[in-house]
Amino acid sequence: MGRGRWLNCRLRDIQERLDEQGYGVSLPVISRLLQQHDYSLRANAKELASKQPPDRDQQIQHIHEQRAKHVADGQLTLSADTKKKELVGNFRNKGQIWCQEPELVNMHDFRQDAIGRAVPYGLYDQQRNQGIVYVGQSADTPAFAVDNIARWCQKERLEDYPDATRLMIEADSGGSNSCRSRVWKRDLQEKVADAFGLTITVCHYPTGASKWNPIEHRLFSEISKTWAGCPLRSFDVVLHYIRNTKTETGLTVQAHLVTETYETGVKVPDKEMDALNIEYHDICPQWNYTIRPRTERSPN
């Protein structure tokens, strides 16, 4: 009769409250009355979207334009991101596989029982439909991300794009390749732009729009399908499943183990930031910028 509504309580709790007020009602009657008034057990419904950045559509269009321009000029385009981190050990891996008996794994996923934690940082070459994943064992830091891009430039770039002078990177706006990270920008300048003589254009996807980053649905989703239901008991097993990821459209994937240890909390002073040869775009400058080499040199 009042304005109160019951939240997160059992039928017996309601019965006890009614008993305190002098009403003796059985549990079946309480259940029936609740149903008559459209009450039922319900789970949370994910239907409310967070507020989208006002420049989201403009940014997505700008990314498409930059990508098309680089491809038309015969230049490099990479989609980059870190896949979900995985505990390595005898742990349950979501998914199902055909077998006569289920794999027996640990009952609990305790970190202390793990061999380590795999940090898969991926680079996807959209033009060649090729992916390469660097599996780290340390922290997912901007330095780790840029080192992997530098590794790609040192080997795959020279083999597939020896004459390229420009590189476009599509990345999320958070994580190890955050648009706000000073270490990310400084290391791109020093370890890629200056080291290889490449002009780097970085375009970040707005918050909540990372699902449009090509690496998510063209590489990472396929890796998840490959090892679904298979316990990742060692780093060799992790590398094996990544390397055996293929699709009918011709996707091929390489995988390498990274053993370096990366520190977190690294700071970059204003003096180093001021020395960067970086130009922010007129369109959504918080997400788009170009880093040019500070010295002229051959792209090889």
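Lys-85 forms a salt bridge with Asp-140, and their closest N and O atoms are 3.7 Å apart; here a salt bridge means a side-chain nitrogen of Lys or Arg within 4 Å of a carboxyl oxygen of Asp or Glu. The pair links distant parts of the chain, 55 residues apart: Lys-85 sits in the loop between E1 and strand E2 (86-88), and Asp-140 in the loop between strand E4 (130-136) and helix H4 (142-160). Helices (H or I, at least four residues) and strands (E, at least two) are DSSP runs, numbered from the N terminus. With a relative accessible area of 32%, Lys-85 is partly exposed. On this scale, buried means under 20% relative accessible area, exposed means over 50%, and partly exposed lies in between (1.4 Å probe, protein chains only).

The structure is a predicted model, in which local features need pLDDT of at least 70 and side-chain atom pairs count only at pLDDT 80 or more, while totals for chains, interfaces and linings use all residues. Residues are numbered from 1 along each chain as its sequence is written, and side-chain values use heavy atoms, with hydrogens and water left out.

By the salt-bridge rule, the count comes to 18. One of these joins Arg-166 to Asp-73, with the closest N and O atoms 3.0 Å apart. Arg-166 lies in strand E5 (residues 166-172) and Asp-73 in the loop between helix H3 (56-72) and strand E1 (76-82), so this pair ties together parts that are 93 residues apart in sequence. Both partners are partly exposed: Arg-166 has a relative accessibility of 22%, and Asp-73 has 41%.

Lys-155 counts as partly exposed at 40% relative accessibility, whereas Glu-159 is exposed at 52%. Elsewhere, Asp-147, Arg-186, Asp-187, Lys-191 and Glu-272 are linked in a network of salt bridges.

What about the charges of the whole protein? There are 40 positive and 40 negative side chains, and the centres of the two sets lie 4 Å apart. Lys and Arg count as positive and Asp and Glu as negative, with His and the chain ends not counted; each charge is placed at NZ of Lys, CZ of Arg, CG of Asp or CD of Glu.

The backbone also has some points to look at. Most residues other than glycine have a negative phi. Asp-38, although not a glycine, has a positive phi of about 65°. Asp-38 is placed in the loop between helix H2 (27-36) and H3, and is exposed, with a relative accessible area of 63%. Asn-129 likewise has a positive phi, near 55°, and is found in the loop between strand E3 (116-125) and E4.

Turning to the overall form, the protein has eight helices and nine strands. Its radius of gyration is 26 Å, well over the 19 Å that the globule rule gives for 300 residues, so the protein is more spread out than a compact globule. This radius is taken over C-alpha atoms, and the globule rule is 2.2 Å times the number of residues to the power 0.38. Along its principal axes, the C-alpha trace spans about 90 × 50 × 40 Å. Of the 300 residues, 43% count as buried.
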